[in-house]
Amino acid sequence: MSKREDSVGHVWQHLILIVMVLVTVYPILWVLTVAFSGQQNLAFIDLPADPTLGDRLRAIIPWPEQVTMSNFVAVFRDQPFGRWLLNSVVVSAATTLVGVFLACTAAYAFSRFNFPGRRAGMMSFLISQMFPGTLTLIPLYIIIVEWLRLGSNYLGLVLMYATIAIPFCVWMLKGYFDTIPRELEESALIDGASPAMIFWKIILPLAKPAVAVTALFSFMTAWNEFILALTIMDKESMYTAPVGLRFFVGGFAEQQWGFFAAGSIVAALPVVVLFLMLQRYLISGLTAGSVKG
Amino acid sequence: MAGVIFDRVNKCYGDTEVIRELNLEIRDQEFMVLVGPSGCGKSTALRMIAGLEEITGGQIRIGDRVVNNVAPKDRDIAMVFQSYALYPHMSVRENMDFGLRLKKMDRGEMDQRIDEASRILGIEKLLERRPKHLSGGQRQRVAVGRAIVRQPSVFLFDEPLSNLDAKLRVQMRAEITGLQHRLKTTTIYVTHDQVEAMTMGHRIAVLHDGDLQQVGTPLELYETPRNLFVARFIGTPPMNFFRATIADDGARLTADGVELPVHDSLRRITQGRSGKEVMVGIRPENLYDVKRQTDHPTARIRLKVALVETLGHEVLVHGHFGSDERETDPSKLLVGKVDPHSEPELNQEIEMQARLDSLHLYDPETEARLGEEGE
C-alpha cells in the first residue's frame with residue numbers, strides 16, 4: 001500500500017521536474033536551432049496564410065529545417081569574432097592570474113596574521129559586495145579611463161575585473177584557510193620553513209579545492225561580464241566576446257541572430273569545459289569546512 | 001643532548017596570566033612529564049620551549065643557551081603534536097624528510113636516518129603512503145618518526161596519545177617510554193592523564209592554574225603530595241578526604257561517627273593542636289576489608305554502602321560515614337577496596353579498616369601538607 005502511494009508521489013515529482021527541465025532547456029534549444037539553421041532570422045518557418053494547428057506547433061518546436069555549420073564558419077571568417085574571443089581569453093586569463101594571486105595572499109594574511117585594519121579590511125570587502133556592480137561603474141571609469149588612461153586596454157579591464165572578483169575570492173579563501181590546522185604551520189616552522197615557504201609548500205597545496213573555485217569564479221566574472229567591457233572598450237578590435245555578440249543584434253542594421261547564436265555557443269564552451277574539469281574540486285571547495293574531514 | 005631550564009618564566013595574554021614565575025629544571029636525558037587539568041598552562045609551557053609562544057618574562061635555557069629570542073628551527077628541538085600535524089599532501093617519507101631537506105642535508109644521510117627511524121618504529125612499509133591512508137596508531141608513529149630523524153637535543157610531546165583508543169594508548173605509552181630509554185634524548189611530555197604521567201615520566205611536574213604545584217618522581221608525588229590539589233590529582237581512584245578535628249592533645253582525630261587514633265609518625269604534627277580542624281586524606285588501597293590480616297596499625301570505620309564497582313581483581317566500595325540524614329553528602333564519602341568475592345550489598349552497613357600509618361594531613365585553609373615539608 002505504502003509502496004503504491006510512494007510511486008504515485010514519485011510520478012508527480014517527476015512530472016514537475018520534467019516541466020522545469022523543459023522550461024530551462026527550451027531557450028537553449030532555440031539558440032542551438034538558430035545557430036545550426038544557417039539563417040539569421042528567428043522566425044525561420046514561414047507560416048502559411050491559414051495555418052493549421054500542426055503548422056503552429058511546428059513553428060514553436062526548436063528544430064531546424066536543415067543543419068549547417070555556415071553560421072559558425074561565418075562568425076570567424078566574415079566577422080571579427082575570433083579577435084574578440086582572443087580578447088576575452090587574454091582578459092579572463094589575466095584576471096584569473098591576478099585575482100587568484102592577490103586573493104590567496106590577502107586571504108592568508110587575513111586568516112593568520114593580526115594587524116591593524118584587519119577587521120575593517122574584511123568588512124569593507126563584504127560591504128563592497130552588497131552594492132550592485134553597476135554602482136561602481138562611474139568611479140571605476142573615472143579611475144581607469146580618465147586618470148590611468150587605460151581605456152580600450154587589456155590592463156584597464158583586467159584591473160576592473162580584479163576589483164570585482166577579489167573581495168568574494170578573499171572571503172572564500174579565508175574561510176578555507178581558517179580550516180587548515182595551525183599546527184601544520186607550527187610543525188613546518190619547527191622544521192625550518194620560512195613563512196613564504198609555508199604558504200607555498202604547505203598552505204596552497206592544501207587549499208587546492210578553494211583555489212580552483214576562486215580561479216573559476218574569477219575567470220567567469222571576466223568571461224561573462226558585459227557592461228564594464230562595453231563601457232571602456234571603445235575600439236571594435238578590443239571588444240570582448242559578450243560585447244561583440246551584442247553588436248550582431250543590437251544595432252540599426254540587419255539583426256544577425258544566427259551569428260549571435262553561433263557566437264554564444266562558442267563563447268559558452270570554455271566555461272563548460274572548465275566546469276567539467278574542475279567539478280571534483282568545486283564540490284569539495286564549496287562545501288569546505290562544513291564537515292570535519 | 002641538553003637540559004631545559006625555566007627561570008622565573010611568565011606568560012600573559014593581555015591581562016591574563018597563564019603561567020606565573022615558573023622555575024623548573026629538566027635534566028639532560030630526563031623524561032619529564034608536565035601534567036595538570038586543561039587550562040593549567042602545561043601546553044603553553046611546552047610551546048614556549050618550542051618557540052611557538054613568546055615568553056612574557058623570565059628566561060628559558062636549552063643547554064647553555066638562552067633561547068627567548070631564538071627561532072623555533074634553531075632551537076634544536078622536535079615536537080610531536082596532539083593532532084600529529086602530518087602534512088596531508090606529502091607521503092610519509094616526504095613528511096619525515098621535509099625538515100632535513102630544508103636543512104639541505106645530503107640524500108644519503110637523509111635516507112639513512114629515515115630508514116633507521118622507520119625500522120625502530122616499524123613503519124618501513126608505509127613510507128610511500130599518504131597520511132590519510134594510515135590508521136591513528138600509524139600516524140602517531142610517523143609523527144614520532146618525523147621527530148626522531150631530526151636527531152634533536154630535546155623532544156617535545158603535546159598530548160600525543162589523546163586521539164588514540166584506550167588499548168592503543170597503553171601500547172604507544174610503552175613504545176614512547178622504550179624509545180626514550182633507548183635514544184636517551186631529553187624529553188618533555190605534556191598530558192592531562194595522570195596515569196600517563198605516573199607510568200612514563202622519570203619525574204613529574206604538576207601544574208594548576210599556571211602555578212607549579214610539585215615536582216618529583218612518580219612515587220614521591222604519590223606518597224607525599226605537597227598539597228590537596230596534587231593529592232587529589234595523582235592516583236585513581238583519587239585519595240579520600242574528610243574534615244576531622246584534633247582531640248586529646250593530638251592523640252585522636254574525630255569526625256562524625258569516626259574516631260581515629262593518631263599514629264606516632266603523625267603525632268609531631270597534631271600535638272598541641274587540640275580543637276583544630278584538619279583535612280585527613282586516605283588512599284582507597286589503605287581503606288580495606290576488616291577480614292584482611294595486616295601488620296599495620298588500623299582503626300575501624302563504619303560505612304553505609306552507596307556504590308559497589310567490581311573490577312575483577314578487586315571491588316571498589318563507595319560508602320558514607322556518620323549519622324547525618326543527608327546520606328549523599330560528598331564530603332563524607334569514602335572509597336575503599338575489598339576482596340573480589342566479598343561483595344557488600346547496597347545500603348548495607350559495613351566496617352572497614354583504615355591504615356593509620358599512611359594517613360595524609362592537610363591544612364584546610366592553605367591546602368598545604370602538614371608535616372616535614374608542608375609546614
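Two strands count as paired if DSSP finds at least two bridges between them, and the helices (H or I, at least four residues) and strands (E, at least two) are themselves DSSP runs, numbered from the N terminus. The model is a predicted one, in which local features need pLDDT of at least 70 and side-chain atom pairs count only at pLDDT 80 or more, while totals for chains, interfaces and linings use all residues. Residues are numbered from 1 along each chain as its sequence is written, and chains are lettered from A and ligands numbered from 1 in the order in which they are written.

**Exercise 1. Work out the strand order of the open sheet of four strands in chain B, and find its edges.**

Step 1. Begin with β1(B), residues 4–13, and β4(B), residues 57–62, which pair in the antiparallel sense over five bridges. Within this pair Asn10(B) stands opposite Gly57(B), and Val4(B) has Ile62(B) as its bridge partner.

Step 2. Turn to β2(B), residues 16–26, which runs antiparallel to β1(B) and is joined to it by seven bridges. Val4(B) also has a bridge partner in β2(B), namely Ile26(B).

Step 3. The edge strands are β2 and β5 (65–66) of chain B, each of which pairs on one side only.

**Exercise 2. Describe chain A as a whole, from its secondary structure to its spread.**

Step 1. Count the elements: chain A has 13 helices and zero strands.

Step 2. Consider the radius of gyration (taken over C-alpha atoms) and the globule rule (2.2 Å times the number of residues to the power 0.38). The radius of gyration of chain A is 25 Å, well over the 19 Å that the rule gives for 293 residues, so chain A is more spread out than a compact globule.

Step 3. Along its principal axes, the C-alpha trace of chain A spans about 85 × 70 × 30 Å.

Step 4. A residue is buried if 20 or more other C-beta atoms lie within 10 Å of its own, exposed if 12 or fewer, and partly exposed in between, with C-beta atoms placed from the backbone. Of the 293 residues of chain A, 31% count as buried. Arg112(A), found in helix α4 (residues 81–112) of chain A, counts as partly exposed because it has 17 C-beta neighbours inside 10 Å. The C-alpha atoms of Arg112(A) and Asp178(A) are separated by 7.9 Å, although the two residues are 66 residues apart along the chain.

**Exercise 3. Locate the domains of chain A and characterise the contact between them.**

Step 1. The domain assignment (bounds from an automatic or database assignment) gives domain 1 (2–68) and domain 2 (80–286) in chain A, and 36 Å separate their centres, taken over C-alpha atoms.

Step 2. Two residues are in contact if their C-beta atoms, placed from the backbone, lie within 7 Å. The contact between these domains takes 10 residues from domain 1 of chain A and eight residues from domain 2 of chain A.

Step 3. The side of domain 1 of chain A that touches domain 2 of chain A divides into five nonpolar, five polar and no charged residues.

**Exercise 4. Describe the contact between chain A and chain B from the side of chain A.**

Step 1. The contact takes 13 residues from chain A and 17 residues from chain B.

Step 2. On the side of chain A that touches chain B, α8 (182–191) and α9 (195–206) of chain A each supply at least two residues, and α8(A) gives the most, with seven residues.

Step 3. The residues on this side of chain A divide into eight nonpolar, two polar and three charged.

Terms used:
Nonpolar A, V, L, I, M, F, W, Y, C, P; charged D, E, K, R; others polar.
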